[in-house]
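User: Please take a close look at one part of this model, the sheet, and then at how aromatic rings pair elsewhere in the chain.

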Amino acid sequence: MNLSVGGIAEACGGRLFLRDGLDSDMYVSSLVIDSRRIEAGGVFLAAAGEKTDGHRFVSRVFEEGACLAVVEKTPEQVQRETGEDCSCWGSYLLVENTLQALKDIAEYYRSRLDIRIVGITGSVGKTSTKEFIAGVLAEKFKVLKTEGNFNNEIGVPLTLLRIREEHEAAVVEMGISDFGEMHRLSKMVKPDVCVITNIGQCHLENLKSRDGILKAKSEIFDFMAEDGEICLNGEDDKLSALTEVKGRKPHFFGLGGNAAEEVTAEKIVGRGLWGSDGVLYFRHAGGPKAGQSMADREETSRVTEGEGAEETAVPIHVPLPGAHMVLNAAAAACVARLFGLSGQETARGIAGIAPVDGRNHLIPLRGYTLIDDCYNANPASMRAAIDLLSLADTEKVAILGDMFELGEASDALHAGVGEYAASAGIDRILCVGENSRHTFRAAADRGQGKLCVTYFPDRESLLKALEENPEEYVPGGSTILVKASHGMEFTRVLEFLREKGA
């Protein structure tokens, strides 16, 4: 890790207390905020969380071989507050705020890295697009990517601090819920390529409107590299209007619905829950021209021969289901082109993408098939998940929970999801949570035929009903979508169903 004890102190501006002969020129092995992950020669940053204070574990990390602790409290303060014996503390850096220090250290570390970083944001599809981009770039480069949900002001710096000398590219997911957050994330990441997946209806409580969301997401450009590139969804009305950013012309990707799109995924053939086939088209000198009809495009499309040549048209298989996954693949192809990958390398990378837990993850069980999409939810992702469920050739069950942070429009947006689900050919809709009563009412009003709509005031009442009478709500052989905002803790519903379905 290209980071020394002195460099950490320089980045934070704190007071460095060196003990046991530690040299400030010594390079550290890693930096963590979880004491269980400390390694010899590593740095522990003691953050005060909602449930525990990291300062309680400083003595323990030194026993495990840590070389430095970044703290807000002296050993004497910690001993007075907790009764912990702090006599074994080694070298420490005293700062005003450890979480701010984490961001400062990550920004400093990023400035010392010779690596191209792709920054990804958007209302929907960030994680899936991250997986596609990282998977495609891995065909040619050693890639580091954001793990799990590490996409906020704690997760992003920790991701940057995982980059090592062997990495040739990094793909960093950047999530926000208010103005100013993306500005701070961009300051750390300094992306070489900025990708925005879409501008949907999420975090409206703070951002108020789609224009507000666009403004907040656009802060990703604030610290973009001087020679940076921009990849935007040409199918999105807000993004397609961005014809110039900081003097640079964006690259647009899409499904062929916008003449400005340089990389498109078209001729899509759905394979149900098991993905889609299609063709990637790359527009470049000598290739298809913007605005060509499909017939004209097919006539001019060709695969050029020779070393380093780029294919104009490349068949692809997208192994994850849904039209939105095809769009994510197009985004990855747009980025891959900027990194110099061939069309065939891009197609191989797309075909190798695996599902991520909590996001359109198909789980075939003996009793039924689950669609695990319970990581988070907003109106656009709800509709996409319902579209995915509608592809099943079995009885279709949607277990839909509350969506949070939708502000004054929350009731209407929940009702809109109910109307959409009722018209999508779903057989059973289970609505769960206080906000989801609006989903229930709209679905019940719109429902026709054999549609069965049921309301549960909370997750526990749903679990009780599933335990007592499973066949009434999740019949054997059905396909079941589980989706809600993260705060609904629908992972408990998923685990219950996994156990019963096995």
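Analyst: This is a predicted model. Start with the open sheet. Its 6 strands run in the order β15-β16-β20-β17-β18-β19, and their pairing is mixed. Two strands sit at the edges, β15 (361-364) and β19 (452-456), and each of them pairs on one side only. From one strand to the next, the twist averages 15 degrees. Inside the sheet, β16 (residues 369-372) pairs with β20 (residues 479-483) in the parallel sense, over 4 bridges. There, Leu370 stands opposite Ile480 of β20.

Now the rings. The count comes to 5 aromatic pairs. One of them joins Phe17 and Tyr92: the ring centres are 4.7 Å apart and the planes lie at 15 degrees, so this pair is stacked, the cut-off being under 30 degrees. Phe17 belongs to strand β1 (residues 15-17) and Tyr92 to strand β5 (residues 92-94), so the pair ties together parts 75 residues apart in sequence. Phe17 is partly exposed, at 25% relative accessible area. Tyr92 is buried, at 4%. Phe17, Tyr92 and Trp89 form one aromatic cluster.

Another pair is Phe141 with Phe339. Their ring centres are 5.8 Å apart and their planes stand at 70 degrees, so the pair is edge-to-face. Phe141 lies in the loop between α5 (126-137) and β7 (143-145), and Phe339 in the loop between α12 (323-338) and α13 (343-351), so this contact ties together parts 198 residues apart in sequence. Phe141 counts as partly exposed, at 21% relative accessibility. Phe339 counts as buried, at 7%.

Technical notes: Residues numbered from 1 in each chain as written. Predicted model: local features only at pLDDT ≥ 70, side-chain atom pairs only at ≥ 80, totals over all residues. Heavy atoms only, no water. Pairing = 2+ DSSP bridges. Axes fitted to C-alpha atoms, helices over the stretch in contact; angles between N-to-C directions. Phe/Tyr/Trp six-rings, centres within 6.5 Å; stacked < 30°, edge-to-face > 60°. Buried < 20%, exposed > 50% of the residue type's maximum accessible area, 1.4 Å probe, protein only.
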